[in-house]
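Work through the exercises below with the sequence and the 3D view side by side. Try each task before you read its solution.

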Amino acid sequence: MANVVELKVNLHCDECIRKILKAIKKIEDIETYDVDTQLNKVIVTGNVTEEQVIRVLQKVRKAAVKWDEDNQTLFTN
């Protein structure tokens with residue numbers, strides 16, 4: 001069963017987005033991924049956990065926190 005991981009990430013420039021996409025593409029067992037630049041949101045679907053995606057983003061020096069859809073506030077790990 002696929003998990004949907006939604007994270008808040010600071011997407012302030014095209015270079016950041018490129019680095020994030022390149023890092024996410026290397027994760028094994030992902031089905032889809034999307035970057036919403038309007039909301040600064042990264043969505044990854046597949047056999048992955050939030051912790052896996054956060055670790056990959058940290059490797060490219062991007063901080064990521066869990067997305068809370070109810071009120072769009074952030075909770076750190």
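Accessible areas come from the Shrake-Rupley method with a 1.4 Å probe; for residues, only the protein chains shown count as cover. By that method the chain exposes about 5200 Å², and carbon and sulfur atoms supply 45% of this area. The model is predicted: local features need pLDDT of at least 70, side-chain atom pairs count only at pLDDT 80 or more, and totals for chains, interfaces and linings use all residues. Residues are numbered from 1 along each chain as its sequence is written, and side-chain values use heavy atoms, with hydrogens and water left out.

**Exercise 1. Elements**

Task: State how many helices and strands the chain has, and give their order.

Solution. Start with the terms. Helices (H or I, at least four residues) and strands (E, at least two) are DSSP runs, numbered from the N terminus. The chain has two helices and five strands. Now read from the N terminus: the order is β-α-β-β-α-β-β.

**Exercise 2. Helix H1**

Task: Compare the span of H1 with the expected one, then find which of its residues are buried.

Solution. Step one is the length. H1 covers residues 14-25, twelve in number. The expected span is 1.5 Å times one less than the number of residues.

Step two is burial. Buried means under 20% relative accessible area, exposed over 50%, partly exposed in between (1.4 Å probe, protein chains only). Cys16, Ile17, Ile20, Ala23 and Ile24 are the buried residues of H1. They sit on the same side of H1, because they cover an arc of only 130° around the axis. The arc is that of the directions from the helix axis to the C-beta atoms. On the other side, Asp14 and Lys25 are exposed.

Step three is the cover. Contact means heavy atoms within 4.5 Å. The cover over the buried residues of H1 includes strands E1 (3-9), E2 (30-36) and E3 (41-46), and helix H2 (50-59).

**Exercise 3. Strand pairing**

Task: In which sense does E1 pair with E3 and with E4?

Solution. Two strands pair if DSSP finds at least two bridges between them. E1 and E3 run antiparallel and are joined by six bridges. Here Leu7 stands opposite Val42. E1 and E4 (residues 64-67) also pair in the antiparallel sense, over three bridges. In this pair Lys8 stands opposite Val65.

**Exercise 4. Positive phi**

Task: Where are Asp29 and Asn40 placed, and what is phi at each?

Solution. Asp29 is in the loop between H1 and E2, with phi near 65°. Asn40 is in the loop between E2 and E3, with phi near 55°. Each value is positive in a residue other than glycine.
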